[in-house]
Amino acid sequence: MTTNDQTVASFAVHIPDVELEAEPLDPEQIVSGDPVVTGKVLWESADGKQLRGIWQITPGVVTDTEANELFVVVSGRATVEVEGGDTLEIGPGDAAVLREGDRTTWTVHETLRKAYHITLP
């Protein structure tokens with residue numbers, strides 16, 4: 001279910017059961033291991049500046065440059081090091097906020113699945 005119509009009816013999904021699609025990592029992002037990323041956009045604003053969806057990554061270490069994002073971890077565990085900032089230990093039930101432009105290193109200990117809301121500039 002992906003929609004970019006802001007007037008779509010309200011909906012609910014059971015996050016653990018949502019089928020995700022491959023989102024290949026840039027090989028330059030992989031620090032160690034063989035992490036695999038999958039995801040699904042559930043909703044996108046008409047202007048493309050807001051996204052809501054589900055994202056998953058298997059164990060390994062990757063780097064990223066973040067968007068303005070609020071997410072809640074549904075399953076799995078990871079350590080997220082924010083360059084010049086805090087180190088976040090995240091697991092099931094944790095909510096986290098990443099700032100636009102944050103440079104991060106994700107050490108994924110157990111396959112992590114999260115629900116997210118991203119606001120693009």
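Rings of Phe, Tyr and Trp (for Trp, the six-membered ring) are taken as a pair if their centres lie within 6.5 Å, with planes under 30 degrees apart called stacked, over 60 edge-to-face and the rest tilted. By that rule Trp-55, Phe-71 and Trp-106 form one aromatic cluster, and the count comes to two aromatic pairs. One of them is Phe-71 with Trp-106, a tilted pair at 6.0 Å centre to centre and 35° between the planes. This pair ties together distant parts of the chain, since Phe-71 sits in strand β6 (residues 68–82) and Trp-106 in strand β9, 35 residues apart. Strands here are DSSP runs (E, at least two residues), helices are H or I runs of at least four, and both are numbered from the N terminus. Phe-71 and Trp-106 are both buried; buried stands for under 20% relative accessible area, exposed for over 50%, and partly exposed for anything in between (1.4 Å probe, protein chains only).

A word on the model itself. It is a predicted one, in which local features need pLDDT of at least 70 and side-chain atom pairs count only at pLDDT 80 or more, while totals for chains, interfaces and linings use all residues. Residues are numbered from 1 along each chain as its sequence is written, and side-chain values use heavy atoms, with hydrogens and water left out.

As for annotation, an unreviewed UniProt entry lists residues 45–116 as "domain: (S)-ureidoglycine aminohydrolase cupin". Positions from UniProt are given in the numbering used here, feature names are shortened, and annotations may be inferred rather than shown by experiment. Over residues 45–116 the chain is 71% strand and 0% helix, and the end C-alpha atoms lie 14 Å apart.

Lys-114 belongs to strand β9 and counts as buried because its relative accessibility is 3%. Leaving out residues up to four places away in sequence, Lys-114 touches Trp-55, Phe-71 and Trp-106, along with Gly-53, Ile-54, Glu-69, Val-72, Val-73 and Val-74; contact here means heavy atoms within 4.5 Å. Glu-89 is another matter: Lys-114 and Glu-89 are 25 residues apart in sequence and 14 Å apart in space, C-alpha to C-alpha.

The largest pocket has a volume of about 400 Å³. Of its 18 lining residues, Glu-23, Trp-55, Asp-64, Glu-69 and Ile-118 are the closest to the centre. Two or more lining residues come from each of β3 (37–44), β4 (50–57), β5 (60–65) and β9 (103–119). The lining of the largest pocket splits into ten nonpolar, three polar and five charged residues.

The second largest pocket holds about 210 Å³ of space. Twelve residues line it, and the closest to its centre are Phe-11, Val-13, Leu-42, Trp-43 and Arg-52. Here β3, β4 and β9 are the elements that give two or more residues, and β4 gives the most, with three. The lining of the second largest pocket divides into nine nonpolar, two polar and one charged.For both, the search ran on a 1 Å grid over the protein atoms alone: a pocket is an open set of points with protein on both sides within 12 Å along at least five of seven lines, a cavity is a set where a 1.4 Å probe fits but cannot get out, and lining residues have an atom within 4 Å of a point. Points are joined across faces, edges and corners, and a volume is the space filled by probe spheres set on them. Ala, Val, Leu, Ile, Met, Phe, Trp, Tyr, Cys and Pro count as nonpolar, Asp, Glu, Lys and Arg as charged, and the others, Gly among them, as polar.

Finally, the loops. Leu-25 is found between β1 (21–22) and β2 (30–33), and counts as partly exposed because its relative accessibility is 21%. Beyond residues up to four places away in sequence, Leu-25 touches Ile-30, Pro-35, Val-37 and Val-62. The loop between β6 and β7 (87–90) contains Asp-86, which is exposed because its relative accessible area is 55%. Asp-86 is in contact with Val-80 and Glu-81, neighbours within four places in sequence aside. Glu-83 also lies in the loop between β6 and β7, and its relative accessibility of 59% counts as exposed. Glu-83 and Thr-104 are 21 residues apart in sequence but 5.9 Å apart in space, C-alpha to C-alpha.
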